Amino acid sequence: MTELDARTLQFTNDGQLRHLLTLDGIDRATLTALLDESDAYLSADGEAVERSSALQGRTVANLFFEPSTRTRASFDLAAKRLGADVLNLDVNTSSRKKGESILDTIYTLEAMGVDIMVVRDASAGVPAYIARHVKDHVSILNAGEAEVSHPTQGLLDVLTMRHHKPDLDSLVVAIVGDIRHSRVARSAAQALSTLGANEVRLVSPAAMAPNPADFPGAVITDDLQRGLKDADVVMALRIQRERIGNLDGIPGIDEYFVQYGVNEDSIQLAKADAIVMHPGPMNRGIEIEGSLADGARSVITEQVKNGVAVRMAVLTRVIRTLESR
Ligand code: CP
């Protein structure tokens, strides 16, 4: 299954977003509308959360075949705040463990009236594969696919940037860490490119550098100083050890923190008002210094909060598409 398949597959014949499989190929107007709709679902800290009945009578199933805290919890909350019934399948006790195929699991859930399936899987192509096989009235949302795509994370990241740096045309974003294995970096870069960000810099040791073809237009460098210089946004990424077969060429933890850590020293290279981001889960003292993650520049908890609003916007959008068919 190629990225092109996923791009085509996620739209109906008349161009409505039915599945969310990748941000690649979603136009600027649609991305902007999703961000605007996400803003409408945000409430001030301490106030009652926004709710709607957009998914009343609908069922959302969370199928996470890889670990998750943020994405799974926020899809759960988002669906409940929209009035849906939510099924969190325990994959460790599901019949997939007994050899049931992924499609038999999907057909079983379809038969129970599940309308939207939220899928995370370690293998590339699984969300699109499922999307190809579900009935016309079912939608698939990609909640993290191998190193390929994490579209709702990309949306929440650019929403957070937009809150602090609304002039995306002049925005310089430095993403630092294990770019090669990062679905977060891919989805963020796709959204930033479509929204017209000035520059995306990808900073990593050579052993974690991406294929340039995956990041058209981005600046790829192994030089942290060059990468962070005058950046508006600095996003640190975790080393994705679960996706790295061979650790050759990857610095040890202490060396990595000195050479590629987003820390109190290296952040001085960025603009004085630069914000610090991390998609989580964080490894403090490796890719990010704890004091910086907790400090005044950090918007990490805002990313988490925005994630619920983004998922509410996406769920609302796809159910609208399903209901219009
Ligand atoms: N950012 C992110 O995907 O976090 P989780 O793995 O906790 O869902």
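**A loop and its surroundings**

Guide: Ala146 lies in the loop between strand 4 (139-145) and helix 6 (151-164). Helices (H or I, at least four residues) and strands (E, at least two) are DSSP runs, numbered from the N terminus. The model is predicted: local features need pLDDT of at least 70, side-chain atom pairs count only at pLDDT 80 or more, and totals for chains, interfaces and linings use all residues. Residues are numbered from 1 along each chain as its sequence is written, and side-chain values use heavy atoms, with hydrogens and water left out.

Look at the backbone of Ala146. Its phi is positive, about 40°, although Ala146 is not a glycine. Most residues other than glycine have a negative phi. Ala146 counts as buried, at 1% relative accessibility. Buried means under 20% relative accessible area, exposed over 50%, and partly exposed in between (1.4 Å probe, protein chains only).

The side chain of Arg183 reaches the backbone oxygen of Ala146 at 3.0 Å. That is a polar contact: a pair of N or O atoms within 3.5 Å; within protein, one must be able to donate a hydrogen and the other to accept it, and residues adjacent in sequence count only if both atoms are side-chain atoms. Arg183 sits in helix 7 (residues 183-194). Arg183 is buried too, with a relative accessible area of 7%. Leave aside its neighbours within four places in sequence. Arg183 is then in contact (heavy atoms within 4.5 Å) with residues including Glu145, Ala146, Glu147, Val148, Ser149 and His150. Glu66, Arg120, Asp121 and Arg243 are also among its contacts.

Two of those names lead on to the ligand. Arg120 and His150 are among the residues around the ligand. The shell divides into 1 nonpolar, 6 polar and 2 charged residues. Here Ala, Val, Leu, Ile, Met, Phe, Trp, Tyr, Cys and Pro count as nonpolar, Asp, Glu, Lys and Arg as charged, and the others, Gly among them, as polar.

Check the ligand oxygens next. A backbone N or O atom of Arg70 lies 2.9 Å from a ligand oxygen. In His150 the side chain takes part: one of its N or O atoms is 2.9 Å from an oxygen atom of the ligand. The protein covers 92% of the 250 Å² of accessible area that the ligand has on its own. Accessible areas come from the Shrake-Rupley method with a 1.4 Å probe; for residues, only the protein chains shown count as cover.

The peptide bond from Gly280 to Pro281 is cis, with omega near -5°. Most peptide bonds are trans. Pro281 is in the loop between strand 9 (275-277) and helix 10 (290-293).

Asp230 is in the loop between helix 8 (224-228) and strand 8 (233-236). Ala146 is buried, whereas Asp230 is partly exposed, with a relative accessible area of 39%.

Terms used: A residue is near a molecule or strand if one of its heavy atoms lies within 4 Å of it.
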